Amino acid sequence: MNKEIKKRDSWGSRIGIIMAVAGSAVGLGNFLRFPVQAAQNGGGAFMIPYFVSLLLLGIPLMWIEWTLGRFGGGFGHGTAPGIFHSVWQKNRFIKYFGVIGIFGPLVIFIYYTYIESWTLAYSFFALTGKLQTITDQSGMQAFLRGFQGLEKNQFFCNLKWAYLFFTVTFLLNIFVVYYGIKGGIERLSKIAMPILFICGIILMIRVLTLGTPDLSKPGWNLLNGLGFLWNPDFSALKSSKVWLAAAGQIFFTLSVGIGVILTYASYLSKGDDVVLSGLSAVSTNEFAEVILGGSIIIPAAFVFFGPGQITEIAKSGSFNLGFVTMPLIFGSMSLSFIFAMAWFMLLFLAGITSSVSLAQPAVAFLEDEFNIGRKRAVIIFGVVCFILCQPAIFFLGRGVMDELDFWGGTFCLVLFGTIEAILFAWVFGMENAWAEIHHGADMKIPRIYKFIIKYITPLFLLIILISWFLQDGISVILMKNVPKENIPFVLATRLGLMLLFLILAILVRYAWKRRKGKRG
Amino acid sequence: MNLGGWFFLILSWGFITGLTVFCFLKIFSKKKIE
């Protein structure tokens with residue numbers, strides 16, 4: 001190992017990094033996306049492709065990222081360009097593929113922080129009783145649309161509140177990252193994750209004890225609500241869309257393919273375990289998703305809105321469920337403000353532990369490749385990101401956020417995951433990879449995973465990449481579902497993203513030239 | 001909820017709880033492999 005490598009930040013404890021990786025993985029999708037996906041794709045039967053994807057895709061990718069991250073960290077690199085270069089030093093282009101691992105999280109951070117700020121705002125509205133004054137769907141939808149600045153109504157006449165909470169949320173994120181890995185991110189994760197689980201367990205118990213709240217409607221009960229989510233429809237398994245939805249859910253929920261786990265793991269030392277720690281982060285995330293996430297919104301919505309409306313509600317999308325349906329449900333309970341607060345705090349904590357992880361790769365890139373001090377790197381990151389966030393706030397109704405989500409939150413993830421898996425198993429070589437995974441390991445991985453990581457995971461990823469591209473990608477790229485008036489905004493966003501990618505690629509080139517010059 | 005629903009719920013919850021307990025028990029036992 002190079003002795004000239006400057007001293008990098010490090011984790012304070014093993015539980016700290018597990019909580020941080022789990023915190024990065026546990027996001028809004030665990031509570032809003034998973035139950036809807038399960039209910040719409042075969043109910044209990046959805047768990048078959050879900051667990052198959054977890055075993056063949058999610059867990060192997062988690063191990064790959066932890067191992068690659070720790071390996072790259074040994075060379076003083078905390079982001080994908082340097083990590084990929086450390087793995088394949090003979091190839092001078094591989095570092096540019098690594099740009100995706102900085103670009104992706106940066107793009108997600110730009111819009112995710114804004115969504116996260118809505119949960120903080122709604123926690124405030126729940127605490128002050130403002131939410132509880134609205135008692136019907138149309139009122140709650142108007143409240144959300146007014147808050148987002150999509151319309152002027154009796155609740156909001158401008159973006160003032162949304163912008164205020166966005167600024168607070170953004171500054172909170174910057175504040176956490178400013179204090180570094182141990183003092184900021186680890187400390188936040190160790191406090192936020194237990195509170196998140198406590199909020200989730202309280203809400204789960206409340207929902208599971210709902211019984212039959214309205215005795216005049218005996219069918220609207222908890223057991224039928226659970227049945228709506230869990231009763232298996234085996235015919236769904238014949239559809240490739242269901243398998244793709246399950247694989248996609250595993251991909252998004254575990255935060256693999258983004259680049260953040262690479263960065264987090266780069267702060268480990270060579271002798272630290274990655275096998276058991278990676279598996280623990282997976283199991284913590286799955287606990288939050290399947291056990292907590294699956295027990296709150298869909299069963300509660302069924303009990304309060306009945307079998308007639310539940311299908312419609314499930315189809316209305318995650319935001320509608322989280323910000324319209326759930327406040328109405330809590331509003332009709334006693335001690336409504338406590339449960340509504342717990343719900344939005346749960347979402348906020350899930351959000352902030354994810355968003356700080358999204359900020360870290362760009363900050364680590366400036367620190368590691370340009371020798372910029374952490375505090376200065378965070379300030380540069382903060383200023384640039386604050387500017388980049390503005391279009392997502394002011395042009396929300398113009399398709400900007402959807403476009404950012406498509407490129408940063410979907411396309412880059414699958415592509416980056418595929419590159420990582422191929423690089424790890426085929427370039428690094430399976431024998432090296434196997435030895436590297438087990439260095440300092442607290443448990444042995446079953447040998448079957450040698451075969452899975454080499455053949456099944458890359459093949460599975462390629463199939464997902466191609467099928468997803470054919471199924472959704474082409475229509476999005478050709479803007480088939482974009483209203484005419486939004487096309488200029490979507491095109492401008494696309495151009496901006498291309499420019500951002502190009503700037504990052506130039507920075508990578510410059511960093512490598514600079515390093516070469518110093519050596520020479 | 002029908003029998004199939006219960007089957008998938010118990011199996012999923014059991015698998016995840018088992019995995020979580022296994023991982024954290026092993027972490028706190030702090031034994032390294034040979």
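This is a predicted model: local features need pLDDT of at least 70, side-chain atom pairs count only at pLDDT 80 or more; totals for chains, interfaces and linings use all residues.
**Entry 1: a loop residue**

I started with A:Glu485 and found it in the loop between helix H20 (448–477) and helix H21 (487–519) of chain A. Helices here are DSSP runs of H or I with at least four residues, strands are runs of E with at least two, and both are numbered from the N terminus. Residues are numbered from 1 along each chain as its sequence is written, while chains are lettered from A and ligands numbered from 1 in the order in which they are written.

Is A:Glu485 buried or exposed? A:Glu485 is exposed, because it has 9 other C-beta atoms within 10 Å. The cut-offs are 20 or more such atoms for buried, 12 or fewer for exposed and partly exposed in between, with C-beta atoms placed from the backbone. I also looked up A:Arg398: its C-alpha lies 8.1 Å from that of A:Glu485, although 87 residues separate them in sequence.

**Entry 2: chain A as a whole**

I counted 21 helices and 0 strands in chain A. The radius of gyration is 23 Å, close to the 24 Å that the globule rule gives for 520 residues, so chain A is as compact as a globular protein of that length. That radius is taken over C-alpha atoms, and the rule is 2.2 Å times the number of residues to the power 0.38. Buried residues make up 55% of chain A.

**Entry 3: the core**

Next I checked the largest nonpolar core, which has 191 residues. Such a core is a set of buried Ala, Val, Leu, Ile, Met, Phe, Trp, Tyr and Cys residues joined through C-beta atoms within 7 Å. A:Ala301, A:Trp343 and A:Leu346 touch the most other members. Helix H16 (residues 336–370) of chain A gives the most to this core, with 21 residues.

Leaving aside neighbours within four places in sequence, A:Leu346 is in contact (C-beta atoms, placed from the backbone, within 7 Å) with A:Phe31, A:Leu196, A:Cys199, A:Gly200 and A:Leu203.

**Entry 4: where chain A meets chain B**

How many residues does each chain bring to the contact? Chain A brings 23 residues and chain B brings 18 residues. On the chain A side, helix H10 (222–230) and helix H13 (275–292) each supply at least two residues, and H13(A) gives the most, with 9 residues.

I then turned to H10(A), where 8 of the 9 residues are buried, among them A:Phe228 and A:Trp230. Those buried residues pack against helices H2 (28–40), H9 (180–208) and H14 (297–315) of chain A, together with helix H1 (3–29) of chain B.

Conventions: Two residues are in contact if their C-beta atoms, placed from the backbone, lie within 7 Å.
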